[in-house]
Amino acid sequence: MAIKGKIPVLKVGDNLLVSIQVDMTDEMAVHLQEDILNQLIATDVRGVLIDISTLDMIDSFLARSFSETAQMAATMDTAVVIVGMQPAVALTLVELGLELAKVHTALNVDRGMELLENLKLGSREA
Amino acid sequence: MAPKKVDKKKGQFDALSLVGTPIVVIDRDRKVLFMNGFALDLLGKGLDEVVGKKCYELFDTDHCNTDECGCMQAVEQETSIIAETRSRGLGDMDIKYYATPLKDENGEIVGCVETLIDVTEIKNLQEKSVLMAKEILEVSTPIVTVFDGVLTLPIIGTLDSQRTQQIMEALLQAIVETQARVVIVDITGVSIMETLTATHLIKATNAVRLLGATAIITGMSPRIAQTLVNLGVDLSELSTKSRMVDGVMTAFELLKKKVIDVE
């Protein structure tokens with residue numbers, strides 16, 4: 001039975017693509033984190049792109065969830081890029097002092113993909 | 001206007017007619033005992049038309065007939081009250097009024113004396129100056145595109161929380177609109193940089209980074225550098241250059257662009 005409000009995680013090449021189109025509840029955030037990690041283990045993807053351009057609010061729970069996902073992905077030599085953060089959301093995050101540790105950011109999906117490729121190249125050279 | 005009968009109470013208030021602003025005297029039931037000439041002129045009524053009527057039937061302000069009525073509070077708390085309200089009945093007027101308890105020979109509170117002052121013009125001037133201050137703020141932080149994808153923001157003057165908020169909103173919006181990759185924040189013109197200002201600056205650069213752009217701070221002075229270090233700010237992520245031109249060169253590098261001589 002499909003979980004209500006499950007956010008699809010799509011594999012595109014050697015990246016995972018996540019586009020958040022609805023307001024995220026804490027439960028959804030937990031499921032998303034699990035889904036991403038399961039896919040990372042099951043496949044050989046090296047990058048995760050999360051599009052949050054429709055989110056007009058990110059609370060501390062979600063911010064921490066993203067950070068945790070990125071940190072866990074980093075242990076698997078995988079980069080996480082968040083794209084499309086709205087200005088108001090960015091302002092709130094810095095006001096609250098919420099750090100998105102290990103999370104890379106880009107303005108949009110194109111830039112995000114570019115960044116992912118650069119990051120992968122970089123880690124290969126390391 | 002001559003009183004119809006000799007009333008001891010009316011004689012008591014005659015001196016109020018000499019005061020150059022509307023004054024209303026009411027009893028504890030809020031019935032009008034007296035109004036001076038200025039108050040009567042305001043209503044366009046004669047004294048015998050208003051005596052005995054409830055004050056809120058004659059005036060219509062935001063405080064009338066509510067718990068906020070200054071006169072009721074003055075009587076209850078046995079002290080003078082100063083309040084501000086808007087009048088709806090007599091054309092839009094901003095009013096400041098003083099409500100003082102009225103006592104009889106035995107010291108018992110029998111009513112309230114209300115002095116009205118028209119502050120409409122003062123309020124207008126206040127609103128105008130707030131608007132002007134806002135305009136100055138907007139004008140003094142222009143966001144300039146020096147190159148495709150490179151924004152510069154020269155900050156002049158002091159940086160308080162309100163201004164930083166304004167600057168950050170405008171800057172982030174500009175980043176989205178111009179798809180900028182680099183933002184050069186020049187602080188040469190920042191005169192006063194206290195700890196709080198430095199914190200705001202760091203917040204601004206963090207916000208820029210969340211949008212996927214790189215922030216470079218130029219024009220850093222030794223004093224500000226000291227403040228930042230003392231704050232224990234993580235300067236590893238912060239890119240700084242002493243001159244704006246160095247910032248622009250760094251931006252070119254980040255965009256993988258080069259400046260060459262044309263033969």
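How many residues of chain A are in contact with how many residues of chain B? Counting contact as heavy atoms within 4.5 Å, 15 residues of chain A are in contact with 17 of chain B. Before going further, bear in mind that this is a predicted model, where local features need pLDDT of at least 70, side-chain atom pairs count only at pLDDT 80 or more, and totals for chains, interfaces and linings use all residues. Residues are numbered from 1 along each chain as its sequence is written, chains are lettered from A in the order in which they are written, and side-chain values use heavy atoms, with hydrogens and water left out.

Let's stay at the interface. The size of an interface is often given as the accessible area lost when the parts come together. Here the buried area (accessible area to a 1.4 Å probe that the two parts lose on being put together, summed over both) is about 1400 Å², and carbon and sulfur atoms give 61% of that. Two salt bridges cross between chain A and chain B, a salt bridge being a side-chain nitrogen of Lys or Arg within 4 Å of a carboxyl oxygen of Asp or Glu. In one salt bridge, the side chain of Arg181(B) meets that of Glu114(A) at 3.7 Å, N to O.

Which parts of chain A supply at least two residues each to the side that touches chain B? They are α3 (87-95), β5 (104-106) and α4 (109-125) of chain A, where helices (H or I, at least four residues) and strands (E, at least two) are DSSP runs numbered from the N terminus. α3(A) gives the most, with six residues. By class, this side of chain A has nine nonpolar, three polar and three charged residues; Ala, Val, Leu, Ile, Met, Phe, Trp, Tyr, Cys and Pro count as nonpolar, Asp, Glu, Lys and Arg as charged, and the others, Gly among them, as polar.

Over all chains, the salt bridge count comes to nine. Take Asp14(A) and Lys120(A), whose closest N and O atoms are 2.9 Å apart. Asp14(A) sits in the loop between β1 (9-12) and β2 (15-19) of chain A and Lys120(A) in helix α4 of chain A, so the pair ties together parts that are 106 residues apart in sequence.

Now for the cavities. On a 1 Å grid over the protein atoms alone, a cavity is a set of points where a 1.4 Å probe fits but cannot get out, and lining residues have an atom within 4 Å of a point. There are two cavities of 30 Å³ or more, with grid points joined across faces, edges and corners and volume taken as the space filled by probe spheres set on the points. Of its 16 lining residues, the closest to the centre are Cys55(B), Phe59(B), Thr61(B), Cys64(B) and Glu114(B). Its lining has nine nonpolar, five polar and two charged residues.

The second largest cavity has a volume of about 60 Å³. Its lining includes Leu153(B), Thr164(B) and Val185(B), and α7(B) provides the largest share, three residues.

Technical notes. 1 Å grid on protein atoms, 1.4 Å probe; cavity = no way out; pocket = protein on both sides within 12 Å on 5 of 7 lines; lining within 4 Å.
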